[in-house]
Amino acid sequence: MITKKVLFIHDGPLYTNSEKTIFYGIHYNNELIERYSFFGKQVTFLTRRSTLPMGAENNFSVLEHPAFSFIEVPNFKSITSYFNKVEATEIIKKAVDTHDIMVLRLPSAIGVIAFEYARSINKPILIEVVSCVYDALWNYDWRGKLLARYKMKLYQNILLKATHAIYVTNEFLQSRYPTAGKSIGCSDVILQDSDTTIYEQRLHKIRTASKLLTIGTVAAVDVKYKGQADVIKVIAKLKKKQVNIRYKLVGQGNPTRLLKLITQLGVGDLVEIIGPLSQNDVFTFIDTLDLYIQPSKQEGLPRAVVEAMSRACPVLGSHIAGIPELISKDALFEAGNLNAIERLLLQINTVLLEKLAQENFTKVSEFKKELLNMRRTQFYKAFLEDHELQENRQNVNAPCILNNSK
């Protein structure tokens, strides 16, 4: 292999303890670092950093892979921090200069700067497309709506220039952000090993469940477009009809907005915000649920849905992004439609839960670790081969592949 130092570029953040000696992540973990070490012996994360509050460490994964290193980029995404952009740009350019291959996850403000600079100096760039920036901004607030179309066009232009891209969906993100280069659809989910015992245990749980249905969502609790507020409102509507459903929320972020809503609607006895959990604990949490619900207004291919499916958990989800690629059409509802969510929840019975459990556990076989790893590795090898060919062509003054559309 021709590369030695890999630069993984995303907005993050990565978390540290107060002494900045231990690094933590939710979806960033040692297995991800091991994945990128396919390209080289050092994997540097170029992201923002945040300090974990005291006592929260057990809910995050510790990054301790020997290949791991870190370069911090100051925040420049808000109005108050925009003055940091000059400093951030210099850090990004220096990092690109000192690394051999770029793995760039989009959407990412850091990634936009890194892409243009890396491309200008002919650095190999592998792009991962994990969500839709348009949906994220459009469902954020009025300011997001002003930026949504501009940002979408920005990322569409990047993908048109990209030589190699991995999409976490099979169809949705490819249709929004097509590339002229080589690409594959390959989820970035990391599942636990599973067997039929999990399915059998789920059937037993369904058939012996109490009358009080427990549903749950795994998603950041401080991001409006994740949609948990819609489910909380439905829980309140059903409570007034003497239909009680327990709702549990797992995810990082400040829960103040949702806690205020819970209090206003008087559903504190039914809704619980647990906070972040480690990856292994997320699977344990899913096993306690009767039903998983993903009410998002923006996604790529939500990992939490695939994780729930791997535990044979019945899933309801909004009809957006990659979710329809995963679950039955009978389990879909229009994003933000409270009546549709209520209607589906009222239809839940043992027969439907068993049907969804069986469908999900069958479907999730497409996301087995060995299958995803094989598909991803084949693409990684093609990426390296293309850039090795590029070196040969450069030696004879042939065109550079990074500047070609295909």
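1. Helices and strands are taken here as DSSP runs numbered from the N terminus, a helix having at least four residues and a strand at least two. In these terms, Asn 122 falls in the loop between H3 and strand E9 (125-129). The model under review is predicted. Asn 122 is not a glycine, yet its phi is positive, at about 60°.

2. Gln 242 sits in the loop between H8 and strand E13 (245-250).

3. One joins Gly 12 and Pro 13, with omega at about 10°; Pro 13 belongs to the loop between strand E1 (5-9) and strand E2 (14-16). The other runs from Leu 106 to Pro 107, with omega near 5°. Pro 107 is placed in the loop between strand E8 (101-106) and helix H3 (109-120).

4. On overall architecture, the protein contains 14 helices and 17 strands. A compact globule of 406 residues would have a radius of gyration near 22 Å, and the value for the protein, 22 Å, agrees with this. Along the principal axes, the C-alpha atoms occupy a box of roughly 75 × 45 × 40 Å.

5. Of the 406 residues, 54% count as buried. Among contacts in the protein with a separation of 6 or more, 72% are made by residues 24 or more positions apart. The accessible surface amounts to about 18500 Å², and carbon and sulfur atoms contribute 52% of that area.

6. What number of disulfides does a search of the whole structure find? The search returns zero. Cys 132 takes part in no disulfide, and the nearest cysteine sulfur, which belongs to Cys 186, is 20 Å away. That separation may be set against the cut-off for a disulfide, which requires two cysteine sulfur atoms within 2.5 Å. Cys 132 is buried, at a relative accessible area of 0%. Cys 313 is likewise counted as buried, at 0% relative accessibility.

7. The salt bridges number 20. One of them pairs Glu 299 with Lys 226, the closest N and O atoms lying 3.0 Å apart. This pair links distant parts of the chain, the two residues being 73 residues apart. Glu 299 is in the loop between strand E15 (291-294) and helix H11 (303-310), while Lys 226 is in the loop between strand E12 (213-218) and helix H8 (228-240).

8. Because Arg 311 lies in the loop between H11 and strand E16 (315-318) and Asp 287 lies in helix H10, the pair ties together parts that are 24 residues apart in sequence.

9. Elsewhere, Lys 237, Lys 241 and Glu 342 are linked in a network of salt bridges.

10. The last point concerns Gln 279, which is placed in helix H10 (residues 279-288). Gln 279 counts as buried, at 17% relative accessibility. Its side chain joins that of Glu 307 in a polar contact of 2.5 Å. Once neighbours within four places in sequence are set aside, Gln 279 is in contact with Ile 26, Ile 190 and Glu 307. Helix H10 also holds Asp 287, the partner of Arg 311 discussed above.

Terms used: Residues numbered from 1 in each chain as written. Predicted model: local features only at pLDDT ≥ 70, side-chain atom pairs only at ≥ 80, totals over all residues. Heavy atoms only, no water. Buried < 20%, exposed > 50% of the residue type's maximum accessible area, 1.4 Å probe, protein only. Polar contact = N/O pair within 3.5 Å; in protein donor to acceptor, adjacent residues only side chain to side chain. Contact = heavy atoms within 4.5 Å. Salt bridge = Lys/Arg side-chain N within 4 Å of Asp/Glu carboxyl O. Rg over C-alpha atoms; globule rule 2.2 N^0.38 Å. Areas by Shrake-Rupley, 256 points an atom, 1.4 Å probe, with all protein chains shown as cover.
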